[in-house]
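Please open the structure in a viewer and keep the selection tool at hand.

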Amino acid sequence: GSEADEGSAIEQDASAAAETADGQEDWPETIRFAVTGIDGMEELQRRYEEFQDVIEEHTGVDFEFFALSNRTVASTAMEADQVDMVLSGPSEYAQTKGAAPGVEPLAAIERDAYHSVFVVHEDSEFEELEDLRGESIAMKEAGSTSGHIGPSAILIDEGLDDDIEVELLGDARIEAFKSGETTALADGVRAYDRIVEEDGEDAYRIIHEGPPLPQDPFVASPELPESFKETFTEILHEHEDEILDAILDHEENDKYDGAKIVDIEDEDYDLMRETYDTLGIELQ
Amino acid sequence: MNNWNEQRLSDHMPKRMKRPPTGAWILFIIAAGFMISGLINANLSFTRLYEGLFNMGNFVALAFPPDFANLQSIFSALVETFEIALVGTAFGVMLSLPIALLASSNTTPYAPVRTITRSIVSAMRTIPDLIWALIFVIAVGLGPLAGILTIVVDTIGFCARFFSERIEEIKKGPSQALQATGASNFGVISGAILPAGFPSFVGTSLFAFEKAIRSAVILGLVGAGGIGVELNTAMSLRMFDEALMIIILILIVVLTVEQISSRIRKKVI
Amino acid sequence: MNNWNEQRLSDHMPKRMKRPPTGAWILFIIAAGFMISGLINANLSFTRLYEGLFNMGNFVALAFPPDFANLQSIFSALVETFEIALVGTAFGVMLSLPIALLASSNTTPYAPVRTITRSIVSAMRTIPDLIWALIFVIAVGLGPLAGILTIVVDTIGFCARFFSERIEEIKKGPSQALQATGASNFGVISGAILPAGFPSFVGTSLFAFEKAIRSAVILGLVGAGGIGVELNTAMSLRMFDEALMIIILILIVVLTVEQISSRIRKKVI
Amino acid sequence: MRSLQVKNLSKVYPNGNQALNNINFTVNPGEAVILLGHNGSGKSTLFRSMINFETPTTGEVLIGGQSTTSLSRRQLRPIRQKVGMVFQNFNLVHNLSVFQNVLFGALGTSKTIQTFNWIAPKELRFKAMEALDRVGLSEFAKRRADELSGGQQQRVAIARMLMQDPELVLADEPIASLDPKAGREVMDLLWDIVHERGLTVVSILHQMDIAKEYGERILALKDGELVIDQDIHTLNERALNDLYHQPTTKQRAGA
Amino acid sequence: MRSLQVKNLSKVYPNGNQALNNINFTVNPGEAVILLGHNGSGKSTLFRSMINFETPTTGEVLIGGQSTTSLSRRQLRPIRQKVGMVFQNFNLVHNLSVFQNVLFGALGTSKTIQTFNWIAPKELRFKAMEALDRVGLSEFAKRRADELSGGQQQRVAIARMLMQDPELVLADEPIASLDPKAGREVMDLLWDIVHERGLTVVSILHQMDIAKEYGERILALKDGELVIDQDIHTLNERALNDLYHQPTTKQRAGA
Ligand SMILES: Nc1ncnc2c1ncn2[C@@H]1O[C@H](COP(=O)(O)OP(=O)(O)OP(=O)(O)O)[C@@H](O)[C@H]1O
Ligand SMILES: Nc1ncnc2c1ncn2[C@@H]1O[C@H](COP(=O)(O)OP(=O)(O)OP(=O)(O)O)[C@@H](O)[C@H]1O
Ligand SMILES: [Mg+2]
Ligand SMILES: [Mg+2]
């Protein structure tokens, strides 16, 4: 649930932000704000003019937006103090935290349908995860939250990780699965929705649904002044709907409506870290 | 020298500059416009550059010393990639040659054939690797074969174009001499065009091979593994020391290929 | 003709084949080995091919008709990319030329200088774009400038190599004629080498430009946006109809660049 | 053995330069003709136009009665096969061996593949060696063509032409780079085969002494026009000298 | 104005071919010498060795007293500046204008940048036009070099050499492609500047009549050896004829 009430109790609106101008001397003139290719978040806007307007209006600070296609760049940029805030995916956050331990998640976007699923062809013999022993699963690329870390966590949980061949195929995963190259597809539920849209309800079958994945956090650089972080968090909560409207592209994805802005703690991403750990990947 | 003579000479003296044709002017102005706009957008700032240098040290430190722990498995990935790249570029080059001949004005006198061939080659380049990979995964399944086919397409897009440019630059003298004997097109091509273009063809082909080895994307998409995937994984998981090791390994291959290329070329230039 | 004469002629007649040097043999056998191993691993199966063709139809259908809904915003991304690519390749080409001269045996007589230059150029190619992007992001921050710098590096890795190969193929006659006048190296290069290599330099440079526009990766890495990112997003969101539209748009640019290239080259070959 | 007819031939280069202006003459089978003319008078252009390396602006050329002007590349082949051309700048394939260059002379008469040294039939190889021997270069067969002296390269070009067994020879200054003895030998060679085998030969020359010695019939161009076409014996010195008088400025330069 | 000394010069090409064998001679300032020799006798090799385009295997060449053999490229420049070379195959820069090619003759004496047409000072441009005019090509200044006839190209090469204001001229068959009149004009030109400006000229020729007419001193190579070095007037016909006798097989071909 949202705890926006606390924020709104302190500052009612944008004009209130202006009143605290005294506390803003140490704020940067421009906030460099990166959005990484949050995987599985199809409803994300592809251009951020609207978000920029909204957030500039409420903070009174200029924002510069960068859409990054690679999570390594995001964490490296944070490490090198070349970016002030990142809207990133859970897996990226875990990496960024590893690279720059001072970063802090301010709040996160929670979506109502964000979990990994295991999908097989309708006419296949497989009924549950256990049946996939000895088979192959198509996944996305190494480090993807919904298309690698999430499903891997499930496989590790079920003790299947050694007996299943995981093919990391990036954007080719769906075609590979569709043409029967792999037995199953493990991906975010959104990907499932897409292939159903393409090929109809009765072509594929979900044999396992994972638990909800951690949310996508707004990550702040340790270099940002505390007062700015606080103000920003408050604004996020206070103008939740307006901001979500600006970030999310409802036109194409109205059925994914129902996102919220929530508070988040670093511990919420421990699942990610454990999985990375089990997969033998060091976060540094 | 008398005045009249001087007059005569300056009559025939070329202008300092030929006025470039209007088309060239327009092109130039457009390009300059884009260029300036691009430079302005680039937001050059030297203070930033200065600050950045400091951070660079930290970053580079992450990569040292290179991590040779996984050398063995990486090496086998390299061999795998090498094989796939070799087969793919070999077929690609073999197909590129006839395509290049169809695309060159001195071997194909029919303009429409040339234009069509060139457009197809350009389209092969413009369609992204991902799409080719998808197509071949659908057609032949995951694995090396799809990778090979994608590399073949890549190689054609590259080699056919460069072969053709080189062919068009070949002096027409020797070809005409062979034509004058009544040689067939095949005779002229194999007797005069190929020998003259050979050094360049070797260089371009070996570059294409090197490119195929370096190319990280293709083989990963089709599940054929290989060194590029290892490198990408290492980088995206921030294991820069391992990445450095892989880069060094690839560099050794690349330098070897270059050496071979320059040896062969030296013999035949 | 008498026997003695026949004997004399066959004494001077070249062998049918020169025995290739041992090195070449070894190389050939190794390459053949890799090739065969590669082909075996490729696992050719024609039944699979046949099945695949059916699936292909479905896939291609996803892309038709191309979706021109976002044309305007895509077009502005294209213009953006165009600018960045233009600036990046322009500087890259300018730097490539002196580097190529340093790497060519007919312009740089000192072997160590050549070897070092070439190795650096090879290393520039082998270090992946991602690493360059990281380096430049660290140095100058996110945005177009980092993209431009990465393109500059890419262009040098490509152009310097091809320029240098072309320079080495240039016939030495005209250069010698200028040297014989007592010309400086600069004189020989600008008077004989550059004019002879010009068509090829133009072709290679415009290819590098085209490559920079097509290259989806670089600008996305540094958050500079551009058409490549749009294309990648469209593909990974499986909006193949939009992807097709973008590809068509890029293809138009690519064909235009090719046209310009061949026009310029025709004038100066 | 082939006749050569040039009818109303004119050639204007794309840069506006009129290189040939309404040329008319006929060379009968078995005739040996020498073509004279000042530098830039259009001699090479005339040769190149004959086998359609330059498309004439107007007029036509008939070789053995067949017009070469309007034929496709494929249709030209049988005609070109019978025409042996020695180019002014030799046009050897530089990075191949001398022997291979001469073998290529057979490209028109043999299957393409048979003209490659590594697969050529024995007779063809011997024939190539003989052709080389006739120009005194049999010892140079193995050399790369660009490792020869200027005169040696010219001889290779002549050997390549001999290899072709032509019926009509068009030789563009075939002895310009040859030493006096070699020059005479080559002229003898050409004139011998004219007389023995009844070939038709047209040779461009700048050496007046050789022209007078070998020439039976003399053709001469001046500023792109045919100004002399007569027997050497009836030709007076004056006419020859006039040939090389400064051409008028108007006609000489192109646009 | 520069002397030329060749001392014990030998040249063996990488392919094992001995092109020059212990050559010794001296040409004094203001002398005009003609170099004869059969095809492949080593004349062009000798020329190229003189300004170190071929590194001699043994021996050395002194120009104006300075040895060219062991100098670096940079050190060679001032010497090469004073040596005007006309190459056997002209070596023009094909895709540039005739005018630009001639301007390049000044590369050694002027700043590089000043030899580019678009920036060259007026005097240099006029000088180039005059050089072209001396070989009768002023009307062709604007043409691309490869759109000229063979003889015209050779004249451009001569004009380029004139542009250089050399003190020693090495002309490799400078009139091979020229028509009789142009050939004489070029020889006159060379011999005039020898006499007027005291230049030193060495010219390779195959035309015996011209050689006899212009030659004062004759040098001749045979199979890479210097076999004649004497005044034209004391030279007998027999010696000249011997020059062009078939060289022995052993010496002629390389490995
Ligand atoms: N680059 C080369 N490599 C090997 N041998 C060569 C090379 N250039 C010339 N030769 C050989 O060296 C000998 C001398 O050649 P050179 O060019 O000096 O002869 P030349 O006297 O100028 O003859 P010409 O009158 O035909 O021009 C010839 O036998 C020739 O084949
Ligand atoms: N490719 C070309 N483009 C334009 N003009 C040309 C071209 N080739 C030759 N010319 C011009 O056409 C005229 C005739 O040239 P051609 O080569 O036929 O002369 P030529 O009689 O063979 O002279 P030479 O004795 O010097 O070889 C010359 O004025 C020459 O400048
Ligand atoms: Mg001619
Ligand atoms: Mg010579």
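**First stop: ligand 1**

Helix α1(E) gives the largest share of the shell around ligand 1, with four residues; helices here are DSSP runs of H or I with at least four residues, strands are runs of E with at least two, and both are numbered from the N terminus. This is a predicted model, in which local features need pLDDT of at least 70 and side-chain atom pairs count only at pLDDT 80 or more, while totals for chains, interfaces and linings use all residues. Residues are numbered from 1 along each chain as its sequence is written, chains are lettered from A and ligands numbered from 1 in the order in which they are written, and side-chain values use heavy atoms, with hydrogens and water left out.

Select ligand 1 and display its surroundings. The shell holds 24 residues, of which D:S149, D:G151, D:Q152, E:S44 and E:T45 are the closest; a residue counts as near if one of its heavy atoms lies within 4 Å. The site is shared between chains, because the residues that surround ligand 1 come from chains D and E.

Next, pick out individual atom pairs. A polar contact is a pair of N or O atoms within 3.5 Å; within protein, one must be able to donate a hydrogen and the other to accept it, and residues adjacent in sequence count only if both atoms are side-chain atoms.

- Select D:S149: a side-chain N or O atom lies 2.6 Å from an oxygen atom of ligand 1.
- Select D:R143: a side-chain N or O atom is 2.7 Å from an oxygen atom of ligand 1.
- Select E:S41: here a backbone N or O atom is 3.3 Å from an oxygen atom of ligand 1.

On its own, ligand 1 has 640 Å² of accessible area, and the protein covers 94% of it; such areas come from the Shrake-Rupley method with a 1.4 Å probe, and for residues only the protein chains shown count as cover. To see the elements that give two or more residues to this shell, colour α5 (150-163) of chain D and α1 (43-50) of chain E. By class, the shell has four nonpolar, 15 polar and five charged residues. In this scheme Ala, Val, Leu, Ile, Met, Phe, Trp, Tyr, Cys and Pro are nonpolar, Asp, Glu, Lys and Arg are charged, and the others, Gly among them, are polar.

**Second stop: ligand 2**

Move to ligand 2, which lies between chains D and E. Which residues come nearest to ligand 2? Of the 24 around it, they are D:S44, D:T45, E:S149, E:G151 and E:Q152.

Select E:S149, where an N or O atom of the side chain is 2.6 Å from an oxygen atom of ligand 2. Then select D:K43, with a polar side-chain atom 2.7 Å from a ligand 2 oxygen, and D:G42, with a backbone N or O atom 2.9 Å from one. The protein covers 94% of the 630 Å² of accessible area that ligand 2 has on its own. In the shell around ligand 2, α1(D) gives the most, with four residues.

Show chains D and C. Here 17 residues of chain D are in contact with 14 residues of chain C, contact meaning heavy atoms within 4.5 Å. About 1,400 Å² is buried between them, 62% of it from carbon and sulfur atoms; buried area is the accessible area (1.4 Å probe) that two parts lose on being put together, summed over both.

The interface has one salt bridge, a side-chain nitrogen of Lys or Arg within 4 Å of a carboxyl oxygen of Asp or Glu. Select D:D133 and C:R8 to see a salt bridge whose closest N and O atoms are 2.5 Å apart.

**Last stop: chains B and C**

Of the eight pairs of chains in contact, chains B and C share the most contacts. On each side, 72 residues take part, and the two chains bury about 6,600 Å² between them. The count of salt bridges is 16; select B:R161 and C:E210 to view a salt bridge at 3.7 Å, N to O. Finally, highlight helix α12 (residues 240-268) of chain B, which gives the most to the side of chain B that touches chain C, with 11 residues.
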